[in-house]
Amino acid sequence: MEGEISNFVVVWITILLSLCYCHAIAKFMPKGTLRVLLVLPIVYLFFYLPLNLTTIHLGGVTAFFIAWLANFKLLLFAFNKGPLCSDPPMPLSRFVPMACLPIQDIKSKESLEKPLKSSLNYATKLMLLVVFVKVYDYNEHLHQGIKLLLYCLHIYFSLEVLLAMFAYLARAVIRVELEPQFNEPHLATSLQDFWGKRWNLTVSSILRPTVYEPVRSASSRVMGRKWTPLPAVFATFLVSGVMHELIFYYIGRVKPTGAATCFFLLHGMCLGAEIAMKKVLNGRFVLPPAVSRPLALGFVLVTSFWLFFPPFMKNKPDVKGCTETMAFIEFVMNRRLVSPIHLTCPFL
């Protein structure tokens with residue numbers, strides 16, 4: 001653990017220096033081919049740096065923040081687009097967090113004083129997480145489908161609670177607003193509602209200008225504007241699938257199987273069919289929420305259990321993540337990694 005923390009510090013110092021370099025580029029290099037060539041080495045470096053971290057908590061978070069968020073924002077920045085570009089250029093103190101964190105914008109004092117969600121909402125999800133940990137004591141007696149459902153809910157609730165904590169710190173310390181990652185996805189009434197407005201909103205917000213809008217613009221030259229969302233949606237889900245394969249590799253160092261890409265391609269095709277059907281029906285027939293919600297959520301869960309979770313669970317991230325947590329607690333308590341770990345991990 002001590003070596004991992006040292007690597008983590010070195011990696012993030014490298015990230016900060018790289019972002020300082022990118023910030024300096026905007027001052028003397030206009031948009032165009034030369035700026036792209038100057039930014040591309042940093043993009044390559046940001047794909048490489050997470051390979052120096054092996055833990056799920058430090059390596060996985062770093063991979064998501066820089067290999068996905070920062071790289072996509074830097075590619076937009078190279079073409080003078082996206083959140084990193086402003087006139088006049090934003091100060092370095094704003095450029096760095098904007099580049100590698102899920103940040104919308106600097107908010108006013110009044111906006112930052114508003115709560116993100118009700119305290120009861122987060123307290124309920126935190127209590128459910130505690131319940132899940134106790135249920136894991138009976139892991140060997142649970143049906144595989146039940147375990148996958150618990151893992152799905154565990155990931156969702158954990159991200160909600162952790163991001164809420166990060167958002168609170170960001171608002172209090174650096175006066176920025178983190179983008180909401182989720183918007184009650186269990187209330188989705190369609191795939192379009194689930195992927196576009198409720199699940200992983202940070203990823204949606206960065207894929208829209210980098211993939212969806214360019215593909216839609218290019219498609220409009222060869223097909224009617226009415227149907228241009230279809231190839232744009234498919235391309236967006238393809239890129240999302242490839243990036244998930246990469247994140248899974250960073251976390252587990254297991255050779256990609258392509259299952260995650262197939263999951264997103266399937267959802268891209270189904271979402272495209274849903275959009276086409278809505279355009280044809282033009283509002284003449286709409287399923288009531290009591291029917292559409294279980295259909296949408298059921299489709300997401302069934303396909304997740306079939307294609308998404310098997311490669312994710314291949315390296316037993318539940319066991320690995322729990323072990324890492326226990327090792328970190330031991331490290332903090334003793335300033336060194338104690339072996340064997342004396343704390344109890346519910347997965348072991």
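The side chains of E274 and K278 form a salt bridge, with N and O 3.3 Å apart; the term covers a side-chain nitrogen of Lys or Arg within 4 Å of a carboxyl oxygen of Asp or Glu. The model is predicted, so local features need pLDDT of at least 70 and side-chain atom pairs count only at pLDDT 80 or more, while totals for chains, interfaces and linings use all residues. Residues are numbered from 1 along each chain as its sequence is written, and side-chain values use heavy atoms, with hydrogens and water left out.

**Salt bridges**

- The whole structure holds 2 salt bridges.
- E274 and K278 are 4 residues apart in helix α11 (residues 259–281), which means that about one helical turn separates them.
- An α-helix has 3.6 residues a turn, so residues three or four places apart point the same way.
- E274 is buried at 17% relative accessible area, whereas K278 is partly exposed at 39%; buried means under 20%, exposed over 50%, and partly exposed in between (1.4 Å probe, protein chains only).
- The other pairing joins R198 to D193, whose closest N and O atoms are 3.0 Å apart.
- R198 counts as buried at 15% relative accessibility, and D193 is buried too, at 12%.

**Overall fold**

- The protein chain has 13 helices and 2 strands, taken as DSSP runs (helices H or I, at least four residues; strands E, at least two) numbered from the N terminus.
- Of its 348 residues, 44% count as buried.
- The chain exposes about 18,600 Å², of which carbon and sulfur atoms supply 68%; accessible areas come from the Shrake-Rupley method with a 1.4 Å probe, and for residues only the protein chains shown count as cover.
- Of the contacts between residues at least 6 apart in sequence, 70% join residues at least 24 apart, a contact being heavy atoms within 4.5 Å.

**Nonpolar cores**

- The largest nonpolar core has 48 residues, and I15, L19, F46, I66, W68, L74 and F77 touch the most other members; such a core is a set of buried Ala, Val, Leu, Ile, Met, Phe, Trp, Tyr and Cys residues joined through side-chain atoms within 4.5 Å.
- Helices that each supply at least two residues of this core include α1 (2–28), α2 (33–48), α9 (201–219) and α10 (229–252).
- Helix α3 gives this core its largest share, 14 residues.
- Leaving aside residues up to four places away in sequence, F46 touches I15, S18, L19, I66, A67, A70, N71 and L74.
- A second, separate core of 31 residues includes C152, W195, W199 and F312.

**Cysteines**

- The disulfide count is 0, where a disulfide is a pair of cysteine sulfur atoms within 2.5 Å.
- C22 is in no disulfide, and the nearest cysteine sulfur, that of C20, lies 9.4 Å away.
- C22 is buried, at 0% relative accessibility.

- The 24 residues of α10 should span 34 Å at 1.5 Å a residue, and its end C-alpha atoms are 34 Å apart, which agrees; the expected span is 1.5 Å times one less than the number of residues.
- R253 follows α10 and has a positive phi, near 55°.
- T228 is in the loop between α9 and α10 and counts as buried at 1% relative accessibility.
- T228 touches R216, S219, S220 and M223, not counting residues up to four places away in sequence.
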